[in-house]
Amino acid sequence: MKSLDEVISYLHAEFDDHSDQHREGLAATRPIAVARIAERLATDGFPSTQDEKISLSLVPFVFQEANYDDIDWSQKDSDLRHLKRFFELDLLVHFAGRERSDINENDYAQYYALSLKAVR
């Protein structure tokens, strides 16, 4: 489990100054979405309601690419390949610092279902 400060540090370590070579379409909006998450965490902490979690979800920004690249993120232990850092940050925010290893299959199934709502 990561503290709020550790999640914020993780976010900056993974996403600050990393250029996305494919900056067009949704990929161009990902840095904006990550910046929103950083700001939200720094000012208000972790989201607590489903609506807040949906509004901060990164899944809408990686869903299409995951499907195109045949990345099955529906299971807790899926290989997320090049989208891992996005899904990992999303999960950390959703579970208030709990990591994949900290949650069970049922928790992940609920996360997955809520993430699909964010896509719609």
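**Entry 1: α4 against α5.** I looked up how helix α4 (residues 59-68) sits against helix α5 (residues 84-94), and I found that their axes come within 10 Å and cross at roughly 145°. I note here that I am working from a predicted model. The crossing in which α4 passes α5 is left-handed. I then listed the residues that meet, and these are Val-59, Val-62 and Ala-66 on the α4 side, with Phe-86, Phe-87 and Asp-90 on the α5 side. Sorting the residues of this contact by class, I get five nonpolar, no polar and one charged.

**Entry 2: α1 against α5.** I turned next to helix α1 (residues 4-15), which packs with α5 at an angle of about 165°, the axes of the two being 11 Å apart. Angles over 145 degrees count as roughly antiparallel, so I record α1 as roughly antiparallel to α5. I also record a left-handed crossing where α1 passes α5. From α1, the residues Val-7, Tyr-10, Leu-11, Glu-14 and Phe-15 meet Arg-85, Phe-86, Glu-88, Leu-89 and Leu-92 of α5. The contact of α1 with α5 has, by my list of classes, seven nonpolar, no polar and three charged residues.

**Entry 3: Asp-107.** Is Asp-107 buried or exposed? I located Asp-107 in helix α6 (residues 105-119), and I read its relative accessibility as 18%, which means that Asp-107 counts as buried, because the cut-off for that term is under 20%. I then asked which residues Asp-107 is in contact with, leaving aside its neighbours within four places in sequence, and I noted Phe-95 and Arg-98.

Terms used
Residues numbered from 1 in each chain as written. Predicted model: local features only at pLDDT ≥ 70, side-chain atom pairs only at ≥ 80, totals over all residues. Heavy atoms only, no water. Axes fitted to C-alpha atoms, helices over the stretch in contact; angles between N-to-C directions. Helix = DSSP H or I, 4+ residues; strand = E, 2+ residues; numbered from the N terminus. Left-handed = near helix turned anticlockwise from the far one by under 90°. Contact = heavy atoms within 4.5 Å. Nonpolar A, V, L, I, M, F, W, Y, C, P; charged D, E, K, R; others polar. Parallel < 35°, antiparallel > 145°, perpendicular 65-115°, else oblique. Buried < 20%, exposed > 50% of the residue type's maximum accessible area, 1.4 Å probe, protein only.
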